Amino acid sequence: MATNKAKRSIHLAQPQPQAQQPNRKPALAPVKPHVYYAIAELNAGLEKAIHNLHMLQSNGLFGASGLAEMYRVLRGIHARANRQLIMALNERETSNARHSPQLSPEPENH
């Protein structure tokens with residue numbers, strides 16, 4: 001009586017495919033819409049705070065209470081936050097575009 005002995009492969013002994021090529025960075029995940037919404041909300045909140053400080057400053061009731069300095073500092077925070085966020089977003093979106101042919105800009109034909 002002949003028995004059928006099927007060869008079974010040993011999964012761990014099989015060569016595993018390389019996840020990525022050695023000199024190529026993996027594409028990063030796309031920036032989710034909630035990130036852009038959060039930035040918009042941050043800007044709206046900072047703009048409202050700046051506006052309200054300006055209104056309180058122009059009221060005259062608070063005189064030399066340091067509102068002018070707070071106004072200046074808050075405007076600086078607003079500008080720095082936007083600059084850093086935009087730089088990070090630009091870096092991520094540019095990296096994604098380089099790794100995704102359908103996102104790369106097409107060459108212009110002149």
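**Where the helices meet**

Author: Start with the surface. The protein chain exposes about 10,000 Å². Carbon and sulfur atoms supply 58% of that area. Keep in mind that this is a predicted model.

Now the whole chain. The protein chain has 110 residues, and 15% of them count as buried. Two helices are present, with zero strands. Take the contacts in the protein chain with a separation of 6 or more: 67% of them join residues 24 or more positions apart.

Next, the pair itself. Two packed helices are described by the angle between their axes and the distance between the axes. Helix α1 covers residues 33-59, and helix α2 covers residues 67-99. They pack at an angle of about 165°, and their axes are 9 Å apart. Angles over 145 degrees count as roughly antiparallel, so α1 and α2 are roughly antiparallel to each other. The crossing of α1 and α2 is left-handed. What residue classes make up the contact of α1 with α2? There are 17 nonpolar residues, five polar and three charged.

Now step into helix α1.

Take Asn 43, which lies in helix α1. Is Asn 43 buried or exposed? Its relative accessibility is 15%. Buried means under 20%, so Asn 43 counts as buried. Which residues does Asn 43 contact, leaving aside neighbours within four places in sequence? The answer is His 78 and Asn 82.

Move on to Gly 45, also found in helix α1. Gly 45 has a relative accessible area of 39%. How far apart in space are Gly 45 and His 78? From C-alpha to C-alpha, they are 9.8 Å apart. In sequence, 33 residues separate Gly 45 from His 78.

Leu 46 comes next, again in helix α1. Its relative accessible area is 14%. That is under the 20% limit, so Leu 46 is buried. Leu 46 touches Leu 74 and His 78, not counting residues up to four places away in sequence. Leu 46 and Ala 79 are 33 residues apart in sequence. In space, their C-alpha atoms are 9.9 Å apart.

Terms used
Residues numbered from 1 in each chain as written. Predicted model: local features only at pLDDT ≥ 70, side-chain atom pairs only at ≥ 80, totals over all residues. Heavy atoms only, no water. Helix = DSSP H or I, 4+ residues; strand = E, 2+ residues; numbered from the N terminus. Buried < 20%, exposed > 50% of the residue type's maximum accessible area, 1.4 Å probe, protein only. Contact = heavy atoms within 4.5 Å. Areas by Shrake-Rupley, 256 points an atom, 1.4 Å probe, with all protein chains shown as cover. Axes fitted to C-alpha atoms, helices over the stretch in contact; angles between N-to-C directions. Parallel < 35°, antiparallel > 145°, perpendicular 65-115°, else oblique. Left-handed = near helix turned anticlockwise from the far one by under 90°. Nonpolar A, V, L, I, M, F, W, Y, C, P; charged D, E, K, R; others polar.
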